[in-house]
Amino acid sequence: MSKTVITYGTFDMFHIGHLNLIKRLHQLGGKLIVAVSTDEFNAQKGKRTLIPYQQRYEIVEALKYVDLVIPEVSWEQKVEDIVRYEVDIFAIGDDWTGKFDFLQSHCEVQYLARTQGISSSELKLALGRLVEGHGKGVPSDLDILDGLRRSLP
Ligand code: C2G
C-alpha cells in the first residue's frame with residue numbers, strides 16, 4: 001500500500017545530495033510531493049539562490065521519483081499541505097532534526113541523513129574560486145570536487 005510523502009526545500013544548483021534524498025523519499029512511500037521554496041520565501045529564509053524558482057521547480061518536476069511539485073511560500077503551510085494531500089510521512093534532511101516534530105500530530109515525521117561533502121553553498125564557493133582562478137589553472141584546494149567524488153555511490 002503506497003504512502004504519500006512530502007518534503008520541502010530550495011533545491012538550488014540541484015546536486016547529488018538533493019537527488020539522494022529524493023530517491024530515498026520515494027522509496028519511503030511511493031508517492032512523493034516536493035514543495036520547492038519560491039524566491040520570495042527564500043528571501044524570508046535569508047537564502048540567496050543562484051537559480052530562479054521556475055527553473056528549480058522544472059528540474060525537480062522532471063525527476064521520475066517526483067509525483068507532484070508545489071510552491072513553498074511560507075513556514076506555516078505544512079499542516080495545510082499535509083491535510084490537503086493526505087500525507088502519511090513528512091521527511092527532510094537531518095540538518096532540520098527536531099524542527100518539525102510538531103507535525104507528528106498530523107503525520108509521521110522522519111529526518112534523513114544528509115549526503116556529506118556537498119551543498120549548494122559549497123558549490124557556489126567552489127564555482128567562485130574556479131572563476132577567480134580562471135586562466136591560472138584550477139585552484140588545487142578544490143576539495144569540493146573530492147567531496148563530490150566521495151558522495152557518489
Ligand atoms: N540535502 C541533503 N544532503 C545535502 C544537501 C541537502 O540531504 N548534501 C537535503 C536537505 O537536508 C533538505 C533538501 O536536501 O532536506 C533540500 O535542501 P535545501 O535546498 O538546502 O533546502 P532547505 O533550505 O533546507 O529548505 O521548510 C523547509 C525548508 O524549505 C528546507
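How many bridges join strand S2 to S3? Five, and the two strands run parallel. Please keep in mind that this is a predicted model. S2 covers residues 30–37. Within that pair, valine 36 stands opposite proline 71 of S3.

Now the whole sheet. Five strands make it up, in the order S3-S2-S1-S4-S5; the sheet is open and the pairing is parallel. The edges are strand S3, residues 68–72, and strand S5, residues 108–112. Each has a single partner strand, so one side of each is left without a neighbour in the sheet. On average, neighbouring strands are turned by 25° against each other, direction ignored.

Next, what packs on it. Helix H1, residues 16–29, touches strand S1 (3–9), S2, strand S4 (89–93) and S5. The direction of H1 makes about 140° with that of S2. Helix H3, residues 53–61, also packs on the sheet, touching S2 and S3. For H3, the angle to the direction of S2 is about 170°.

Last, helix H5, residues 120–132. H5 has 13 residues and reaches 18 Å from its first C-alpha to its last, close to the 18 Å expected at 1.5 Å a residue. Which residues of H5 are buried? Ser120, Leu123 and Ala126. Seen down the helix axis, the buried residues of H5 fall within an arc of 120°, so they line one face.

Note on methods:
Residues are numbered from 1 along each chain as its sequence is written. This is a predicted model: local features need pLDDT of at least 70, side-chain atom pairs count only at pLDDT 80 or more; totals for chains, interfaces and linings use all residues. Side-chain values use heavy atoms; hydrogens and water are left out. Two strands pair if DSSP finds at least two bridges between them. Helices (H or I, at least four residues) and strands (E, at least two) are DSSP runs, numbered from the N terminus. Axes are lines fitted to C-alpha atoms, for helices over the stretch in contact, and angles run from 0 to 180 degrees between N-to-C directions. Contact means heavy atoms within 4.5 Å. The expected span of a helix is 1.5 Å times one less than its number of residues. Buried means under 20% relative accessible area, exposed over 50%, partly exposed in between (1.4 Å probe, protein chains only). The arc is that of the directions from the helix axis to the C-beta atoms.
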